[in-house]
Amino acid sequence: MAGNAQDVTPPLTEAQMKARRKRSIALALVIGGLCVLFYLITVFKMGAAIMNRQL
Amino acid sequence: MSDLGMAGSHQAALLSEAAPSDFIALLKPRVMSLVVFTALVGLVAAPGTIHPFMAAVAILAIAVGGGASGALNMWYDADIDRVMGRTASRPIPAGKVTESEALSFGLILSAFSVATLGLATNWFAAGLLAFTIFFYAVIYTMGLKRRTAQNIVIGGAAGAFPPMIGWAAVTGGASIESFILFLIIFIWTPPHFWALALVKSDDYARAGVPMLPVVAGPDVTRVQIVLYTLLLVPTGLAPWLTGMAGTLYAAVAILGGAGMLVCAAAIYLRRDGKPAMRACWQMFGFSILYLFGLFAALLVEKLALRVFGWGL
């Protein structure tokens, strides 16, 4: 049965799937790297004060 | 074909086969390497101290910001990149990345690089980076490039800002010394690019880009190259004359400046055939070496002073 245009999206080709997988991995690495980067920026900005924590 | 089939094939055409390397190519890595190097020199030459980790983050942010402006440039210039041999294999004209992907990529990286630089160092440096991206993408790419033969003269400012940003990351401001570093790259840009434009003038003419050789002719361009080189040599010596740099820098600036004058003279004198082309390529290549030599000498002097206490 014919649906709307979105239902007839052709399946991805092998090349498209491979490219999408690579892009997903790269994006994950970038996002993970950014998390680490901002964490380290915070730590280095606080400097020695990071140890000054009331228990 | 039915409407549904048309819709399906259209959607299939929009599905990207772009690899991460295509997105890296959007950042113009070769230009980025110059941005990184000159920003590093500005950062090391600046008076004051910065934590090495924050310095690395600042360089990364400046590099990504420069790359983002390259992506925005490729997004806007995709139409002319298609007709120029030098740029036809870029990711958008090659059909690997869509224009909207490049635009989103450039905007997101711009925002992240400016925010990261601001959070890691200071907001003056971040503001300067934001202005540099704006200058390259909007003032140069959208405003000047297709309208005036002075496009790369004014647009050269965008490539000249990185050492000022590096300097600002340490000091939180600008000074005459950082402005001198800006001025060296600013005045270096016209003879460097006009040497390339002389060789590629057919490409630029086909794309409708009013580079100086296309609009005013090769003879006028040759005169302009000589004039800008005459201006560049004393500007290259300015860090030494103002006491910002030492003897090593002066030696490189004098020898390199002499080399630039020889290259400019060769371009002026050799106007036909292969010798003329060779003179243009020599100027293009040597000017890169000259700029690298100036900044490398400054970097070595500042590092020797900081690490070993040696005044070179």
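1. Let's start with B:D203 and its contacts. Leaving out residues up to four places away in sequence, B:D203 touches B:M84, B:G85 and B:R86. Two residues are in contact if their C-beta atoms, placed from the backbone, lie within 7 Å. B:D203 sits in helix 11 (residues 201-207) of chain B; helices (H or I, at least four residues) and strands (E, at least two) are DSSP runs, numbered from the N terminus. B:D203 is buried, because 20 other C-beta atoms lie within 10 Å. A residue is buried if 20 or more other C-beta atoms lie within 10 Å of its own, exposed if 12 or fewer, and partly exposed in between, with C-beta atoms placed from the backbone. Between the C-alpha atoms of B:D203 and B:G118, which are 85 residues apart along the chain, there are 40 Å.

2. A word on how to read this model. It is a predicted model, in which local features need pLDDT of at least 70 and side-chain atom pairs count only at pLDDT 80 or more, while totals for chains, interfaces and linings use all residues. Residues are numbered from 1 along each chain as its sequence is written, and chains are lettered from A and ligands numbered from 1 in the order in which they are written.

3. Now compare a few other places in chain B. B:A88 belongs to the loop between helix 5 (78-83) and helix 6 (99-120) of chain B. B:A88 counts as exposed, because it has 12 C-beta neighbours inside 10 Å. Not counting residues up to four places away in sequence, B:A88 touches B:D81, B:R82 and B:P93. From B:A88 to B:V31, 57 residues away along the chain, the C-alpha separation is 17 Å.

4. B:A197 is found in helix 10 (residues 176-199) of chain B. With 24 C-beta neighbours inside 10 Å, B:A197 counts as buried. Apart from neighbours within four places in sequence, B:A197 is in contact with B:Y204, B:M211, B:L212 and B:P213. One of these, B:M211, is 14 residues from B:A197 in sequence and 6.9 Å away, C-alpha to C-alpha.

5. The phi angle of B:K28 is near 50°, a positive value in a residue other than glycine. B:K28 counts as partly exposed, with 19 C-beta neighbours inside 10 Å.

6. Next come the helix pairs. Two packed helices are described by the angle between their axes and the distance between the axes. Helix 6 and helix 7 of chain B pack at about 160°, with axes 7 Å apart; axes are lines fitted to C-alpha atoms, for helices over the stretch in contact, and angles run from 0 to 180 degrees between N-to-C directions. Helix 6 of chain B and helix 7 of chain B are therefore roughly antiparallel (angles under 35 degrees count as roughly parallel, over 145 as roughly antiparallel, 65 to 115 as roughly perpendicular and the rest as oblique). In this contact, B:S110, B:S113, B:V114, B:L117 and B:G118 of helix 6 of chain B meet B:W123, B:A125, B:A126, B:L129, B:A130 and B:I133 of helix 7 of chain B. These residues divide into 8 nonpolar, 3 polar and no charged; Ala, Val, Leu, Ile, Met, Phe, Trp, Tyr, Cys and Pro count as nonpolar, Asp, Glu, Lys and Arg as charged, and the others, Gly among them, as polar.

7. Helix 7 (residues 123-144) of chain B also meets helix 8 (residues 151-160) of chain B, where the axes come within 8 Å and cross at roughly 165°. That makes helix 7 of chain B roughly antiparallel to helix 8 of chain B. By class, their contact has 7 nonpolar, 3 polar and no charged residues.

8. What is the angle between helix 13 (residues 218-241) and helix 14 (residues 247-269) of chain B? They pack at about 175°, with their axes 9 Å apart. Helix 13 of chain B and helix 14 of chain B are therefore roughly antiparallel to each other. Their contact has 15 nonpolar, 4 polar and 1 charged residues.

9. Finally, the wider view. The domain assignment of chain B gives domain 1 (19-174) and domain 2 (212-312), with bounds that come from an automatic or database domain assignment. Taken over C-alpha atoms, the centres of these two domains of chain B are 23 Å apart.
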